[in-house]
Amino acid sequence: MAAPSAPRPPRPRKEPQPLVIPRSAAEEQRLRLERLMRNPEKTVPIPEKLNEWAPRPPPEFVRDVMGSSAGAGSGEFHVYRHLRRREYQRQDFMDAMAEKQRLDEEFQKKLERNKMIAEEQTAKPDMKQLKCKNGCCLMGMFQSVNTEKATEASGIVKISSFFYLLH
């Protein structure tokens, strides 16, 4: 006979939690965060991203080739129907992947085009601002002088559409 063992200590009782029914998505999120923050040392399970469904690849070697003889059994139709359904799924999947890839490429091209347009639109004002910060800009950016003699006399030289002081 085994020797009588010492009695186990009682398990700690959990505190009873009040039943709270969330009335909105924000309240439900708040309750979840509170539950997570009760024990901050505990690791939080983060679910992995599910892989997209992909059809099985077609077999390399087909063992049960259907014959072309007349009078095939009644069970052959179901095998044929299953193979046909699987092939249609595979083709639909390939079409969807091609469409997704085409849309991704169009999106990337559109991003590049928008980026180039934004750079072109900001390049000219940036240059003007840089030149004005350097102190080379005269009063305003778009001053016009009627004659070349007036610009030469005042010591101002016109380069492209800007006027600069001669130093």
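Colleague: What percentage of the residues in the chain is buried?

Modeller: A residue counts as buried when its relative accessible area is under 20%. In this predicted model, buried residues make up 5% of the 167 residues in the chain. The accessible surface comes to about 16,500 Å², and carbon and sulfur atoms contribute 57% of that surface.

Colleague: Which secondary structure elements does the chain hold, and in what pattern do they follow along the sequence?

Modeller: The chain has three helices and two strands, arranged along the sequence as α-α-α-β-β. Among contacts with a separation of 6 or more, 38% are between residues 24 or more positions apart.

Colleague: How many aromatic pairs does the structure hold?

Modeller: There is one aromatic pair. Trp 53 and Phe 93 form this pair, with 5.9 Å centre to centre and 90° between the planes. Planes over 60 degrees apart count as edge-to-face, so this pair is edge-to-face. The two residues are 40 residues apart and link distant parts of the chain: Trp 53 lies in the loop between H1 and helix H2 (75–133), whereas Phe 93 belongs to helix H2.

Colleague: Why is Phe 93 classed as partly exposed?

Modeller: The partly exposed class lies between the buried limit of 20% and the exposed limit of 50%. Phe 93 falls in that class because its relative accessible area is 22%.

Colleague: Where does Glu 27 lie, and which residues does Glu 27 touch beyond four places away in sequence?

Modeller: Glu 27 is part of helix H1 (residues 25–37). Leaving aside residues up to four places away, Glu 27 touches Val 20, Ile 21 and Pro 22.

Methods:
Residues are numbered from 1 along each chain as its sequence is written. This is a predicted model: local features need pLDDT of at least 70, side-chain atom pairs count only at pLDDT 80 or more; totals for chains, interfaces and linings use all residues. Side-chain values use heavy atoms; hydrogens and water are left out. Helices (H or I, at least four residues) and strands (E, at least two) are DSSP runs, numbered from the N terminus. Buried means under 20% relative accessible area, exposed over 50%, partly exposed in between (1.4 Å probe, protein chains only). Contact means heavy atoms within 4.5 Å. Accessible areas come from the Shrake-Rupley method with a 1.4 Å probe; for residues, only the protein chains shown count as cover. Rings of Phe, Tyr and Trp (its six-membered ring) pair if their centres lie within 6.5 Å; planes under 30 degrees apart count as stacked, over 60 as edge-to-face and the rest as tilted.
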